[in-house]
Amino acid sequence: MDKLKEYSRYLACGLIVFAVLAVYTLRLVDWQILNGASFLEKANKSSSSTVVMDAARGEILDVNGVGLAVNKTGYAIVFDRAYMKSDTQNRTIHQLIRLLSQRGEKWTDILPVKLNAKGQYEFIAGMDKEITTLKSADYANVNSYATADLCMEHLAEKYKVTGYSAADTRNIVSVRYNMTKSAFGISQPYTFAGDVSKDTVAIISENSALLPGATAKVTAVREYPSGSLLPHILGTIGSISQEEYDTLKDKGYAFNDRLGKSGIEQAFESMLRGKSGEKVVETTNTGSLASETVKTAPVSGDTVYLTIDSKLQNVLNVSLANNVKATQANGRKLSAQHYKGMSSGHGEDCVAGAAVVLRVKDFSVLAASTYPTYDLTEYLNDTNYYTSLINNKDKPLIDRAFNGVFTPGSIIKPYVALAALQEKAITTSTRLEGNSRYTRFADTGLVLGSIGNYGMITANYAIQKSSNSFFYEVGYRLGITNMNLYAKRFGLGVKTGIELHESAGILGGPSERAAAGGGGWFDADTVEAAVGQADNKFTPLQLATYTATIANNGVRLKPHLVSKVTDYAHKNVISQTAPEAVDNIGVSQSYIDYVKAAMRTVATAGTASSTFKNYGIAIAAKTGTAVQTPHSDNVTFVAFAPYDNPEIAVAVVLEHGATSMYSNAVAKDILDAYFFGKTVDANGNLVMPSASGTASGASSGTVSGTASGQASSAAH
């Protein structure tokens, strides 16, 4: 019995051992015979890398969905490290550069070295930071005082660039240098050319065997259907700088990425950029590609809808340009005639202007124009064009609507009147002298001049006729402290809060004067400030905000440019801008109504009546002229309409415009466009729809200036 049990135990153990051996045998058969090739391939794999997949940039549209900055399907030439061979990459780069140069297409070139006329290497002026980087230990590894020739010698040796001409060597080194800066590798492809034609892609595809590692990739290329419509607001995109890369690399940016540099493109970069995807690339131990697997698909950027109406914007652009040019022409004519005994100061030096249009109910920007301006498409694609803009003495790259600061002149008189009424410095029945001489400081030898001899007048008539003498005295009684307190409530001398970069302007006063090192502040400065002179300088955006605040019965809202943000497909609203109250001027409604009524008489019987007396929509307005010795005066104009139920507020500034008839004409064109459908035809002319009746008068975008016209139109 014991022997039987012992035999059974041996048998059981034998069966277990046999079973284990059988399992191992089957696994060996599977590994070595059935799936041997597959497992051998996997065994040979030495690494896997995660590669970033670019997302399409979000688009920018106007309030009606018209494309302003959109994407078109394009092609980029990309270097893939998995296929690019070290011993042939210089040859590949050389062939591609030759191909693109022959076809007039661009490749990414950031090397701060060029060949001069003598065939010598020299550094490119203005690229000091890039030159410092080039000389560093990571690249040329030379001393800080090294010449361009020495840098090129070290880089050519580093990248084994031999047997090429000086020009070809420079170009190949440029690409290799940027590849190094971009951390080119399996996980980081390099974009050699960001936008090439379909025909170029076809040539590269046909010769792929001769260009190992160079592949064509379908991309979304930025396009501006109307590059000159609002370049300052849309802004630009450009290559990432070293400083930007150091800050943004932890957020997924690569060195050869592009990002917003100004305007909406910069302010909404995080939304427009989208979210990059990822794919896993597996390579063998010999560097060959084994497989690619998409891990996370890229998500396109969001779409940003602006409050801008493209049709209004187009009209404003054309009108502003027309009237600046008309001012120049009229000024030259009057100067030649020695009008009023003067050979200058008639507007011949007017070269710039700006205007802003706000919707009163929410302070959304319907149009904002700057002149001179530029074209975004040319700016991004033509180096010579960009250079011409930089060197243009009239500075077309400056956004004068939001960042230009101008002495405002008499358009600030309505706010001074409101402050004085509320602070009891005057009443609605107070009569002050409105004559051509203000003599309060006569004992010091200072007598201030003013247009008109109106006798003893009240504030509403002083606004209508724009009497300086009246407001000099109002300013004296009110004082600079109270005056500036109310100015800030209106948004003058403070930033409005708009989404883009803006200037705070200058609000003249004792503290501002002291900070600027300009000495003391005197009562004479206060009375000048009361008529928009002294140190006061405001932006057209601030002037439009101020005007809209009056129209909105004293409630100041935050101006804004963005209506809403949606997903790329425009289906889901991510955010929407709601009206936001910023301040209240703190003035009795009866005083607001009183001043608004006075502004109405400016249009019907005052300094703007020559343009708006019989206009088809009731408007309230104020003209302004600011002395700018030795130049021609600035001219300004503000208005809101309709008077009884305001919908829009307008501010126009013509720098050295001399006469208000041209600033008035700009405002009239935008009112015509908003209320009566004035548009710009295919030839760039301003035209009224044939069915619009006669409400808006002439369809031209300028006023024909004459000597007598200037005399009747020039207004404070």
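Predicted model: local features only at pLDDT ≥ 70, side-chain atom pairs only at ≥ 80, totals over all residues.
Trainee: How should I read two packed helices?

Mentor: Two packed helices are described by the angle between their axes and by the distance between those axes. Take helix H5 (residues 148-158) and helix H6 (residues 166-181): their angle is about 65°, and their axes are 10 Å apart. That makes H5 roughly perpendicular to H6. The crossing of H5 past H6 is left-handed.

Trainee: At what angle do helix H15 and helix H18 pack?

Mentor: About 120°, with the axes 9 Å apart. Angles of 65 to 115 degrees count as roughly perpendicular. H15 and H18 are therefore oblique to each other. Their crossing is right-handed.

Trainee: Now the charges. How many salt bridges does the structure hold?

Mentor: Side chains of opposite charge can pair when their charged atoms come close. This structure holds 19 salt bridges. In one of them, Glu265 meets Arg222 at 3.0 Å, N to O. Glu265 sits in helix H10 and Arg222 in strand S7, 43 residues apart, so the pair links distant parts of the chain.

Trainee: Is Glu265 buried or exposed?

Mentor: Buried, at 0% relative accessibility. Arg222 is buried too, at 13%.

Trainee: Which residue does Lys668 pair with?

Mentor: Asp672, with the closest N and O atoms 3.1 Å apart. Both lie in helix H24, 4 residues apart, about one turn of the helix. Asp672 also bridges to Lys678, at 3.0 Å between the closest N and O atoms.

Trainee: Which residues make the nonpolar surface patch?

Mentor: Tyr386, Ile390 and Leu397, over about 240 Å². Ile390 lies in helix H14. Ile390 is partly exposed, at 46% relative accessible area.

Methods. Residues numbered from 1 in each chain as written. Heavy atoms only, no water. Patch = residues over 30% accessible without salt bridge, like charges linked within 9 Å, V, L, I, M, F, W, Y side chains within 5 Å. Areas by Shrake-Rupley, 256 points an atom, 1.4 Å probe, with all protein chains shown as cover. Salt bridge = Lys/Arg side-chain N within 4 Å of Asp/Glu carboxyl O. Helix = DSSP H or I, 4+ residues; strand = E, 2+ residues; numbered from the N terminus. Buried < 20%, exposed > 50% of the residue type's maximum accessible area, 1.4 Å probe, protein only. Axes fitted to C-alpha atoms, helices over the stretch in contact; angles between N-to-C directions. Parallel < 35°, antiparallel > 145°, perpendicular 65-115°, else oblique. Left-handed = near helix turned anticlockwise from the far one by under 90°.
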